[in-house]
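Here is my note on the model. Please keep the viewer open while you read.

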Amino acid sequence: MSDLSLRLRDALDRSAAGASTVALTAAVERLSDRYRSVRPAGAPILAGPAEVLAYAVYRMPATYAAVRLALLQGVRAGLGPISSVADLGGGTGAAVWAAAEALPDVRAATVLEQVAAARDLGRAIAAEDLGETSWRDWRVGEPVPSADLVSAAYVLSELSEEQQTRLVADAMAAAGAAVLVVEPGTPDGHRRVLAARELLLAAGWRVLAPCPHALACPLADADWCHFAARVNRSALHRRVKSAELSHEDEKFSYVLAVRRSTRQDLGDGARDARSIVRGGRVVRHPLKRKGLVELQLCRPDGTAGREVVSKRHGAAYKAARDVAWGDTWPPAAD
Ligand SMILES: C[S@@+](CC[C@H](N)C(=O)[O-])C[C@H]1O[C@@H](n2cnc3c(N)ncnc32)[C@H](O)[C@@H]1O
């Protein structure tokens, strides 16, 4: 576990100290039920301090892990230095924790969130561990402050289609360099990510990750593009989810796009053009059997399909043994 995820775990433990496990577990169940039925929220789902604390305890580690992995995949695809972040519908701030971990140049973050109790808890959780972070009351349609990166994680599903379009448009207008949208790794989460991707491409942005091309998504009809981030569950996390396993895999879909003609677009994070993704993306857990590795790939030519790498491929086989779901293939040259 990374240093910051351990600190997040400790901060969540401190926040929940003294709270009734029974009440927290009941609130987690209520929230899970509500989130399972995907529909626009007429009123905030995080209705009060009990829901906010439950949400933080059971969802922050997962959101943190998903956003962190999406950003790391973006960095590997050439995302350049990001010094400021604005997170829309940021809840208790999981995405800005992830940005602080994945993007070493971040100096300032703003969490825009409509629920006061979420802002208050997020501020308290972040107090000792995050750098300069401000927390603002915000609803879709209200001004978004400028930042290098504007993100929205697990927000679109609570919005009407019109609000989703507005959020992406406002994110593009405010982002100096990059926009990140993360949604649950479900067929409809992927559909919302694809709609955001369409808006970004139509406005001339370049998709940096996960797609290795700007063509139609080859997974849109029969499948859905998603990834998995490992989450180590704390004792508290296990308790409130009535779970036994010490980990879970958070499935998520995402798109990370950069404004053209910026340092980001030139891959300034690693000026060497080789570090910009030229290959395909591994879109499922690789199947590793004796002497061969089977990869499901999304390819730069806009197709998706299977590739088998066997021992007779020599160095490529060795590389394939180490490849993971979400990595690029073939791996970028160092
Ligand atoms: C599932 S939570 C995600 C919170 C946070 N992004 C995370 O992943 O931990 C959805 C968030 O969207 C916010 N939200 C819902 N409708 C909104 C609206 N119309 N304007 C602004 N935020 C909204 C909620 O307040 C909530 O914080």
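1. Basis. This is a predicted model: local features need pLDDT of at least 70, side-chain atom pairs count only at pLDDT 80 or more, and totals for chains, interfaces and linings use all residues. Residues are numbered from 1 along each chain as its sequence is written, and side-chain values use heavy atoms, with hydrogens and water left out.

2. Salt bridges, overall. The whole structure holds 15 salt bridges (a side-chain nitrogen of Lys or Arg within 4 Å of a carboxyl oxygen of Asp or Glu). R119, D137 and R139 are linked in a network of such bridges.

3. E250 and R59. These side chains form a salt bridge, with the closest N and O atoms 3.0 Å apart. E250 sits in strand β8 (residues 247-258) and R59 in helix α3 (residues 49-76), so the pair ties together parts that are 191 residues apart in sequence. Helices (H or I, at least four residues) and strands (E, at least two) are DSSP runs, numbered from the N terminus. Both E250 and R59 are buried. Buried means under 20% relative accessible area, exposed over 50%, and partly exposed in between (1.4 Å probe, protein chains only).

4. R230 and D249. This salt bridge has an N to O distance of 2.6 Å. The pair links distant parts of the chain: R230 in strand β7 and D249 in strand β8, 19 residues apart. D249 is partly exposed, at 33% relative accessible area.

5. R306 and E294. Here the closest N and O atoms of the salt bridge are 3.0 Å apart. R306 is in strand β12 (residues 304-310) and E294 in strand β11, so parts 12 residues apart in sequence are tied together. R306 is exposed, with a relative accessible area of 52%. E294 is buried, at 12%.

6. R233 lies in the loop between β7 (227-232) and α8 (235-240). Its relative accessible area is 13%, so R233 counts as buried. Which residues does R233 touch, not counting those up to four places away in sequence? They are R238, K241, A243, L245, S246, H247 and E248; contact means heavy atoms within 4.5 Å. Q164, in helix α6 (residues 161-174), is also buried, with 13% relative accessibility.

7. Helix α4. This helix (residues 94-102) is mostly covered, with 7 of its 9 residues buried. Those buried are A94, A95, V96, W97, A98, A99 and A102.

8. Exposed loop lysine. K290 lies in the loop between β10 (287-289) and β11 (292-298). At 81% relative accessibility, K290 is exposed.

9. Cis peptide bonds. Most residues other than glycine have a negative phi, and most peptide bonds are trans. The bond from A209 to P210 is cis, with omega near 0 degrees. P210 is in the loop between β6 (206-209) and β7. W329 and P330 are also joined by a cis bond, with omega about -5 degrees. P330 falls in the segment after β13 (328-329).

10. Positive phi. Y154 is not a glycine, yet has a positive phi of about 60 degrees. Y154 lies in the loop between β4 (147-153) and α6, and is buried at 12% relative accessible area. S242 has a phi near 50 degrees. S242 sits in the loop between α8 and β8, and is exposed at 57%.
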